[in-house]
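Please look through the structure below before reading on. The explanation after it takes a few places in turn.

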Amino acid sequence: MSLGVPSSCQTLVPQVGMAAKRITQETFDDVVQENISDLGMDPEEAVIEAVQQFESQGVDLSNIVKTAPNSASVDGEEPQHAVLQTLDSLQKAVADGDSGAVDELLVSFAEQCRQEMAVRYLAGQKGAYPAVLAACRLACEEGCSLLKALRALSALLDGQPDFLDAPGQELLLRVLRERQDDGDLTLATIRCVRQASLKHEQNRQDLVKGGVLSLLVGAVVRHGDRADVVREACAGLRFMTFDDDIRVPFGHAHEHAKMIVTEHGGLRVLIEAAKAFPDDCSVLREICATLGRLSVRNEFCQEIVDLGGLNFMVALLADCIDHQDLVKQVMSAIQAIAGNDDVKDAIVNAGGTDLIVLAMTRHLGSPLVCEQSCAALCMLALRKPENCRVIMEGGGALAALQAMKMHPKEAGVQKQACMLIRNLVSHTRDFSQLILEMGAEDLIAEARAAHRTCEDVAKAALRDLGCQVELRELWTGQKGSLAR
């Protein structure tokens, strides 16, 4: 069945640098409406037909709300999606200063935005951000619920950090400063900060200049008995150390991490905060993840050990070894602090290698745990022959090769395992024969053939194991292109 798409609606917009084409929500809705009115389909069938037709043409519908618009409440008005009906009502209620209606509509709007990214995108394109920000201001002035307004703002910003502007940043910082004793408001505001910081370097830098780091660290201290606030504040701090905005060539991730540690005592605050939640894996997971992000300098790694952070991580690994997500974050944190050579020895002396191998064996079916375990062992083995001996005696090489067997399609596992094998034998060739007898040569060769990202590390591992490796000379000084 073909679509009778009006010529005015046949707009397929190719995205720069992408093969997929895009359409507007209006184009999609017009086609759905035509299926209903001209072809006699019911709304659900009309949507399915429209989706199939557009996808067959290679159109990306990820930002399209794939439901039929609701019928207009007033004769003569165009049908609208539910979120846009709510947005229209919210805008009118804010303009009229109707606090009661604003509260109710903010709750509905937030619920609708949480359904999917396409709904948030549509709302954002139709002026939702100024409306919600105006509701936040009204809440501050007239006494309607600021909490509901912030929750709606957080829902809208999820995946759309570009909407946050200078007035919005100022509002969030003011709430964190002036309402810092209110745990619920603090939680909702930090969530907005986190959503606005993901993949948006300028927002991060602006918020840091506005003093958000001290406010986030202060929230951990002030609300140290609330798991939800501590968890969200840790995530907020961690997001400030990301370098994930592809629009910016150089971010301030390192500078922000340094500021959290040196100016705001972040390491001590986080390690102390963990003591209040010995059985809450979700909080402990966030704390470990944040500690790992802050371990950007040699002295910071050592400070974590001096503050009891290493003992905390080792005990956590031993006590919560069955909690897969927590184990992965502990491994990541151990890998991070092991960037300091003295800390490497401290981890090994604390029994860390045996626990890492045990955890990898316990969660052999998880590629993420296997990858992170191999990465941690790889770091501990780097430039440390004695640590290599401990890892070998503890079954680290065998566990890594078992992980390679278990996850042949996981490039991350294959790469980290190859790097571990290479570090184990690069300074201690006595281990080469033992590792080869475990079947390492075939597994590494398979990884090299299957994954381009493993080419260099696999070749290095095979070379250091004493295997035959073809070494190609890419350039000989002669005129011409590099060999491929």
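Predicted model: local features only at pLDDT ≥ 70, side-chain atom pairs only at ≥ 80, totals over all residues.

Residues are numbered from 1 along each chain as its sequence is written, and side-chain values use heavy atoms, with hydrogens and water left out.

In soluble globular proteins, nonpolar side chains tend to be buried together. A nonpolar core here is a set of buried Ala, Val, Leu, Ile, Met, Phe, Trp, Tyr and Cys residues joined through side-chain atoms within 4.5 Å; buried means under 20% relative accessible area, with a 1.4 Å probe and protein chains only. The largest such core has 146 residues, and F109, V212, L424, I435 and I444 touch the most other members. Another core, of 13 residues, lies apart from it and includes F28 and M41.

The structure holds zero disulfides, a disulfide being a pair of cysteine sulfur atoms within 2.5 Å. For C136, the nearest cysteine sulfur is that of C192, 7.0 Å away. C136 has a relative accessible area of 0%, so C136 is buried. The closest cysteine sulfur to that of C281 is in C320, at 4.6 Å, which is too far for a bond. C281 is also buried, at 16%.

Finally, H451 lies in the loop between α26 (440–450) and α27 (455–465); helices are DSSP runs of H or I, at least four residues, numbered from the N terminus. H451 counts as buried because its relative accessibility is 11%. A polar atom of the H451 side chain lies 2.9 Å from the backbone oxygen of P408.

Note on methods: Helix = DSSP H or I, 4+ residues; strand = E, 2+ residues; numbered from the N terminus. Buried < 20%, exposed > 50% of the residue type's maximum accessible area, 1.4 Å probe, protein only. Polar contact = N/O pair within 3.5 Å; in protein donor to acceptor, adjacent residues only side chain to side chain.
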